[in-house]
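Q: I am new to this structure and would like to learn how to read it step by step. Could you take me through a few of its features, giving the general idea before the particular case?

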Amino acid sequence: MEIVRAIDWTSGMQIMFTGLPTVPKMKKWIAGMRLYRILNKVIEERKRTGRREGDPMQVLMDQGYDNTLVCCFIVAGIFAAVTNTGNQAAWVLCHLAENREWYDRVKNEVDAVIAKERVSQRVGDQAPVADIIQGFSMDTWKSAFPSIDLALRESIRLNMAGVSFRQNVGEENVVIGHSKEVIPPNVYAVYDMDDVHFDEAIYTEPMKWDPGRYLPGREEHKKIAHGYLGWGSGLHPCPGQRFAELEVVITTVMLIAHYDFELCTKKGAQWAGPLPRVDHGNFLGTKRPKEEVFLKCNPRFMTKV
C-alpha cells in the first residue's frame with residue numbers, strides 16, 4: 001500500500017508542469033521501479049519452477065506477453081482496485097453503519113437476492129452463503145442491488161475531494177458553454193467539484209449523506225446540467241466506472257451477507273458522534289477521513305459460511 005500511495009499521489013503542480021522533476025515525481029519513479037521488481041520476481045519464479053496459478057498474470061504469461069506488459073496490466077488492476085475505489089468501498093460501509101435506515105434497506109436487499117438465488121441455483125438451505133454469492137450472474141451483480149448503487153453515488157459526492165484539470169491543447173479558444181468566457185490555447189481550466197456537489201440550490205442539506213436524493217421524485221442531481229460529477233461528465237466520463245461499481249457492490253454484498261457491523265473506536269467501544277469528514281482543501285481524489293474509523297463485525301451465522 002505504501003508503494004501504491006506513492007505512485008497514486010499527484011499534486012496540481014505535477015499536472016500543470018509535467019516535466020518538472022518534483023520530489024513527489026521522483027518518489028513515483030522509485031516506487032514504480034520497486035513495484036515492477038516485485039511483480040517481475042514473481043513472473044520469473046513461475047517460469048523457473050513451472051508453478052502455475054489461476055490468475056490474470058498466468059493467463060497473460062501463457063499468451064506469450066513479455067514481463068513488462070504483464071506487469072503493466074497487473075499494476076493497472078491494482079490501481080483500479082486499491083486507490084479511489086478501495087477508499088469509496090470503505091466509505092460506503094461506514095456511512096451504512098452510521099445510517100441504520102439505509103443499512104437495513106441494503107441488508108434486506110442482499111438477503112432477498114440470496115434467498116432468490118437459493119431457489120434458482122437449486123441449492124439447499126444449508127448451502128454456504130459464499131457459494132451462493134459466487135454463483136451470481138453478471139446481470140445479478142449489475143442490477144439486483146440498486147440501494148448499494150445509490151449509497152456509492154452519495155459517498156462519492158461527499159468524499160471525492162479536489163479539482164479537475166483540463167488543458168486546451170488546440171490552437172483556438174474553447175468557448176465555455178453559452179457564456180462569453182473562453183479557455184485560450186495551452187491554458188488550463190481548473191474546476192472545483194465541490195462547487196456543484198455542495199451547492200444548496202441543487203442538493204438539500206448537502207453535507208448530509210442521503211442516497212434517497214437520487215430516487216425518482218427527487219433526483220436532485222438532475223436540477224442542472226452536469227449536476228453530478230462523481231464519474232465525470234460530458235464527453236469524457238470515467239472509463240472504469242462499471243468496473244469500479246462492480247468492485248464496490250461485490251465487497252459490500254460479501255460483508256453484509258456474512259456480518260452485522262457497527263461503527264466503533266480502535267478499542268471496540270461504541271462510536272459517538274458523526275463520521276469525521278474528508279479534508280476537502282488538501283487532497284485530490286477520494287481520501288481517508290481525518291480520524292481513524294473502525295467497524296465492529298459480528299458473524300450472522302453460527303455455522304461455517
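Q: In which helix is the place of Ser155?

A: Please keep in mind throughout that this is a predicted model. Ser155 has its place in helix α10.

Q: Is Ser155 buried or exposed?

A: The general idea is to compare the relative accessible area with a cut-off, and a residue under 20% counts as buried. Ser155 has a relative accessible area of 0%, so this residue is buried. Once neighbours within four places in sequence are left aside, the residues in contact with Ser155 are Gln88, Trp91, Val92, His95, Met160 and Trp209.

Q: Trp209 is on that list, so where does Trp209 lie, and what does Trp209 touch?

A: Trp209 is found in the loop between α11 (194-197) and α12, and with a relative accessible area of 7% it is buried. Not counting residues up to four places away in sequence, Trp209 touches His95, Leu96, Asn99, Trp102, Ala151, Glu154, Ser155 and Leu158. One of these, Asn99, is 110 residues apart from Trp209 along the chain, yet the C-alpha atoms of the two are separated by 8.5 Å.

Q: Which residues of the largest nonpolar core touch the most other members?

A: That core has 51 residues, and those touching the most other members are Leu96, Val110, Phe136, Phe145 and Val253. At least two residues of this core come from each of α6 (84-98), α7 (100-120), α8 (129-134), α10 (146-159), β1 (160-161), α12 (241-258) and β6 (259-264). The element that gives the most is α12, with eight residues.

Q: With which residues is Phe145 in contact?

A: If its neighbours within four places in sequence are left aside, Phe145 is in contact with Glu109, Val110, Val113, Phe136, Thr140, Val249 and Val253.

Q: How is the packing of two helices described?

A: In general, two packed helices are described by the angle between their axes and by the distance between those axes. Here the axes of α7 and α12 come within 10 Å and cross at roughly 90°, and these two helices are therefore roughly perpendicular to each other. On the α7 side the contact is made by Val106, Lys107, Val110 and Ile114, and on the α12 side by Val253, Ile256 and Ala257. Sorted by class, the contact of α7 with α12 has six nonpolar, no polar and one charged residues.

Q: What span should helix α3 have?

A: The reasoning starts from 1.5 Å a residue, so the 27 residues of α3 (residues 23-49) should span 39 Å, and this agrees with its end C-alpha atoms, which are 39 Å apart. The buried residues of α3 are Lys25, Lys28, Ala31, Leu35, Leu39, Asn40, Ile43 and Arg46. After α3 comes Gly50, whose phi is positive, near 80°.

Q: How many helices and strands are there in the protein chain?

A: The protein chain has twelve helices and eight strands, and 37% of its 305 residues count as buried. Among the contacts in the chain with a separation of 6 or more, 64% are accounted for by residues 24 or more positions apart.

Conventions
Residues numbered from 1 in each chain as written. Predicted model: local features only at pLDDT ≥ 70, side-chain atom pairs only at ≥ 80, totals over all residues. Heavy atoms only, no water. Core = buried A, V, L, I, M, F, W, Y, C linked by side-chain atoms within 4.5 Å. Buried < 20%, exposed > 50% of the residue type's maximum accessible area, 1.4 Å probe, protein only. Helix = DSSP H or I, 4+ residues; strand = E, 2+ residues; numbered from the N terminus. Contact = heavy atoms within 4.5 Å. Axes fitted to C-alpha atoms, helices over the stretch in contact; angles between N-to-C directions. Parallel < 35°, antiparallel > 145°, perpendicular 65-115°, else oblique. Nonpolar A, V, L, I, M, F, W, Y, C, P; charged D, E, K, R; others polar. Expected span 1.5 Å × (residues − 1).
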